[in-house]
Amino acid sequence: MAEIIFRSKMDAKRCYDHLLKCLRYHPNNEDILLLEDRHIVKISESIGRFGEVKGAFYEFIVKIKRDDWFRAILQEQYFFEDPEEQEHIIEIIYSVLEGQREDLAVFIKENAEEPKIREAVEEIFQDHVSFSFDSFFKFRLRPYLKLLESYVEISIDEYKMEQEYQMFIQTLRDFLASRDPKMDTLHLLFDEEITFFDEQFEEIKRGELMKMIDRKLLFNHPVYVDSASIAPLLSIAPKTIHLYTKSPEEPLVRTIKNIFEERVIIKSYKGLRHTKEWIQQKNSAKENGA
């Protein structure tokens, strides 16, 4: 007989429900019992499926309790008490663990501790004894807790950067809202350098762009505003931006989309030539008609 003793009734119930679900047992099955008043999950020696029990208990640790520990670290070590903030940071953690954030994955150690959890689970069940889940976590899973702490630390840094970025974007949106458009349509080509074209597809030279820049913009946001792209775009404040690029998801393209929102129309890099030819033909037809 093995007994897992929990600190709270809720944890005992969650573990019990998880074991039943993984083993596809009916709650009336007496191989696994829940003693709610004592916060104990009792597993019979006659179960005959101890390997599956250990696997299910391992999953309880890394899938269910892991989120509890993430929240505890956020609240107790970093004082993030707002549930929405906690959820946002945990979402960042999982995006890294699931391989969606390669830029952050390099900062996270290889997940070498989870196999050790399996070893600890194997040992604790070996003698079919009673054990405290909290003591098991505190003494046997300490390296795993350190790993979770490293995940949280990196994800908090990313969360703060995202918050700063959103504040930056909102500040520039507010600046844009106060501007009258100096141009209806602007064509923007992303290549090795960024090239600006006016409505007639005449290139706007660098010197002209610099003259258009509102100096208050650079004075108020000297660190964040790129004088080669963002500053002239905000100063011109075009009603529509046709942005031609090979990489729609590159950071600067995303930033321009976030600032100008529905004003931006993303087009293929090759689409620039077709648009230019169409405008030139249209202008030629007007001249011939005149």
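**View 1. Cys 22, a partly exposed cysteine in a predicted model.** Cys 22 has a relative accessibility of 25%, so it counts as partly exposed. This is a predicted model, and Cys 22 takes part in no disulfide in it. The nearest cysteine sulfur belongs to Cys 15 and sits 9.6 Å away. For reference, the cut-off for a disulfide is a sulfur pair within 2.5 Å. Cys 15 itself counts as buried, since its relative accessibility is 0%. Over the whole structure, the disulfide count is zero.

**View 2. Zooming in on the E1 and E4 pair.** Strand E1 (residues 2-5) and E4 run parallel, and three bridges join them. Which residue of E4 stands opposite Ile 4? That one is Phe 131.

**View 3. Helix H6, with three phenylalanines on one side.** Helix H6 covers residues 133-140, and Phe 133, Phe 136 and Phe 137 are buried in it. These three span an arc of only 95 degrees around the axis, so they end up on the same side of H6. As background, an α-helix has 3.6 residues a turn, so residues three or four places apart point the same way. Now look at the start of H6: a side-chain oxygen of Ser 132 comes to within 3.4 Å of the backbone nitrogen of Asp 134.

**View 4. Lys 54, a buried lysine in helix H2.** Helix H2 takes in residues 50-76, and Lys 54 is part of it. Is this lysine buried or exposed? Lys 54 is buried, because its relative accessible area is 17% and the cut-off for buried is under 20%. Leaving aside residues up to four places away in sequence, Lys 54 touches Val 121, Glu 122 and Phe 125.

**View 5. Glu 149 and its polar partner, Gln 77.** Glu 149 is found in helix H7, which runs over residues 142-177. With a relative accessible area of 16%, Glu 149 is buried too. What joins the side chains of Glu 149 and Gln 77? A polar contact of 2.9 Å does. If residues up to four places away in sequence are left out, Glu 149 touches Ile 73 and Gln 77.

**View 6. Stepping back to the whole protein.** There are twelve helices and nine strands in the protein. Of its 290 residues, 41% are buried.

Methods. Residues are numbered from 1 along each chain as its sequence is written. This is a predicted model: local features need pLDDT of at least 70, side-chain atom pairs count only at pLDDT 80 or more; totals for chains, interfaces and linings use all residues. Side-chain values use heavy atoms; hydrogens and water are left out. Helices (H or I, at least four residues) and strands (E, at least two) are DSSP runs, numbered from the N terminus. Buried means under 20% relative accessible area, exposed over 50%, partly exposed in between (1.4 Å probe, protein chains only). Contact means heavy atoms within 4.5 Å. Two strands pair if DSSP finds at least two bridges between them. The arc is that of the directions from the helix axis to the C-beta atoms. A polar contact is a pair of N or O atoms within 3.5 Å; within protein, one must be able to donate a hydrogen and the other to accept it, and residues adjacent in sequence count only if both atoms are side-chain atoms.
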